[in-house]
Amino acid sequence: MDIILLILGIIFLLVGVVGCILPVLPGPPLSYVGILFLHFTKFADYTTTFLVFFAVLAVVVTLLDYFVPIWGTKRFGGSKYGSWGATIGVVLGLFVFPPFGIILLPFVGAVIGESLKGSDFPASLRSGAGSFLGFLLGTGLKLITSLVMVFYFVKEWLG
């Protein structure tokens, strides 16, 4: 049974890392499930504090990934219109042209929102760029979180 759980843990970790780049898969939660599979084997014995910390971290980073593009829009001078456009873009991006929709539609939404407000095109593009940079930041946070889980998985398994 330990070998089956180990294999499942490795699969979930790998899919979790891929999920950090492909927005349709929740990367950190999948990586966390991989940690849990290893925990229930003879290969690892994580503390309760460790497991709770990484569970909370996986949820927080996953949620942040949806809000960071909106923050980026505001940070680059976007208004409520740009933020709403980016928000609508995130939601639509989950369903339209996955996985590319969640990358492109917040940018497009922020640009359209700012344009509807009456901002000039360069300001609208700046707002969209903020949304895109926010997406990159969210992706980076998810990837770092999942890779740290991979590290602790390998450390326990081989250590």
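Of the 159 residues in the chain, 42% are buried (under 20% relative accessible area, with exposed over 50% and partly exposed in between; 1.4 Å probe, protein chains only). The model is predicted, with local features requiring pLDDT of at least 70 and side-chain atom pairs pLDDT 80 or more, whereas totals for chains, interfaces and linings use all residues. Residues are numbered from 1 along each chain as its sequence is written, and side-chain values use heavy atoms, without hydrogens and water.

The mean pLDDT of the chain (the predictor's confidence in each residue, from 0 to 100) is 90, and 100% of the residues score at least 70. The secondary structure consists of 6 helices and 0 strands (DSSP runs numbered from the N terminus; helices are H or I of at least four residues, strands E of at least two). Among these elements, mean pLDDT is highest in helix H2 (residues 27-39), at 97, and lowest in helix H4 (residues 80-95), at 84.

The C-alpha trace spans about 60 × 30 × 15 Å along its principal axes. Of the contacts (heavy atoms within 4.5 Å) between residues at least 6 apart in sequence, 66% join residues at least 24 apart.

Glu114 lies in helix H5 (residues 101-117). This residue is buried but forms no salt bridge (a side-chain nitrogen of Lys or Arg within 4 Å of a carboxyl oxygen of Asp or Glu); the nearest side chain of opposite charge, Lys117, is 4.4 Å away (Lys and Arg count as positive, Asp and Glu as negative; His and the chain ends are not counted). Leaving aside residues up to four places away in sequence, Glu114 touches Gly78, Ser79, Tyr81, Gly82, Ser119, Ser124 and Ser127.
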